[in-house]
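Okay, thanks everyone for coming. I'd like to walk you through a few side chains today, so please bring up the model and follow along.

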Amino acid sequence: GSKDTVDLFLGHEVGHALFTPYEGWHDSPAQAEVPRSFLNVVEDVRIERKIQAKYPGLISSFKRGYTVLFKENFFNTQGRDLQTYSLIDRINIKAKLRDLVDIQFSDEEASYVKDVFAADTWDEVVDAAKAVYEFMKENQEEDSDSHQSGDSSFDENQDSEETSVSPS
């Protein structure tokens with residue numbers, strides 16, 4: 001249990017250390033034309049995929065760690081209709097909890113989701129995050145009653161480096 005969550009958190013942070021470019025991350029969100037929270041969700045997907053590819057032993061730690069966090073309701077998902085979550089929040093939850101949750105994406109959303117999960121470079125992270133953000137703006141998907149504890153992903157002013165899974 002707790003060993004897996006420690007490995008998950010450490011693996012996640014090492015993933016950022018190895019793969020998140022300092023320059024890109026420290027550019028202002030205005031420069032990227034997308035809120036930092038959106039970049040963070042997409043970058044988390046990318047670095048978690050990359051760290052597990054680099055250290056395959058982490059794959060089972062991540063699975064077990066996220067299972068523990070899910071059971072402890074770390075993501076505040078229990079008893080909630082995840083389909084009511086905004087697109088970026090559904091992507092975030094699906095990326096972390098995988099088959100522990102049943103989350104559907106519309107045909108229109110599917111290509112954005114595919115691009116998020118496929119992003120391999122920082123530029124692709126920025127492009128995918130921007131595309132999701134623009135799509136949500138066009139569809140006026142407000143996340144006013146933020147479902148995640150203390151983390152409204154649809155917050156243009158958020159300039160935090162906190163990740164929704166990171167304790168640091």
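Let's begin with D120, which is partly exposed, with a relative accessible area of 37%. Keep in mind that we're looking at a predicted model here. So what does D120 do with its side chain? One partner is K50: the side chains of K50 and D120 form a salt bridge, at 3.2 Å from N to O. If you trace the chain between those two, K50 sits in helix 4, D120 sits in the loop between helix 7 and helix 8, and they are 70 residues apart. K50 itself comes out as partly exposed, because its relative accessible area is 21% and buried would need a value under 20%.

Now the other arginine-type contact on that loop. D120 also has a salt bridge with R49, this one at 3.4 Å, N to O. R49 belongs to helix 4, which covers residues 36–54, while D120 is in the loop between helix 7 (107–118) and helix 8 (122–138), so this pair ties together parts that are 71 residues apart in sequence. And R49, buried or exposed, or something in between? At 30% relative accessibility, R49 counts as partly exposed.

Let me show you one more of them, over at helix 1. The side chains of D4 and R64 meet in a salt bridge, 3.0 Å from N to O. Again this links distant parts of the chain: D4 is in helix 1 (residues 2–19), R64 is in helix 5 (residues 58–71), and the two are 60 residues apart. D4 is buried, because its relative accessible area is 8%, while R64 is partly exposed at 42%.

Stay on helix 1 for a second, because T5 is there as well. T5 is buried, with a relative accessible area of 12%. What does T5 touch, once you leave aside its neighbours within four places in sequence? The answer is G65, V68 and L69. The side chain of T5 also has a polar atom that lies 2.9 Å from the backbone oxygen of S2.

Last stop, the backbone. Which way does phi go at N73, positive or negative? It's positive: phi of N73 is near 60°, and this is a residue other than glycine. You'll find N73 in the loop between helix 5 and helix 6, with helix 6 being 87–97. N73 is partly exposed, with a relative accessible area of 24%.

R98 is another residue to look at for this. Its phi is near 45°, a positive value, and R98 isn't glycine either. R98 is located in the loop between helix 6 and helix 7, and it is partly exposed, with a relative accessible area of 45%.

Notes. Residues numbered from 1 in each chain as written. Predicted model: local features only at pLDDT ≥ 70, side-chain atom pairs only at ≥ 80, totals over all residues. Heavy atoms only, no water. Salt bridge = Lys/Arg side-chain N within 4 Å of Asp/Glu carboxyl O. Helix = DSSP H or I, 4+ residues; strand = E, 2+ residues; numbered from the N terminus. Buried < 20%, exposed > 50% of the residue type's maximum accessible area, 1.4 Å probe, protein only. Polar contact = N/O pair within 3.5 Å; in protein donor to acceptor, adjacent residues only side chain to side chain. Contact = heavy atoms within 4.5 Å.
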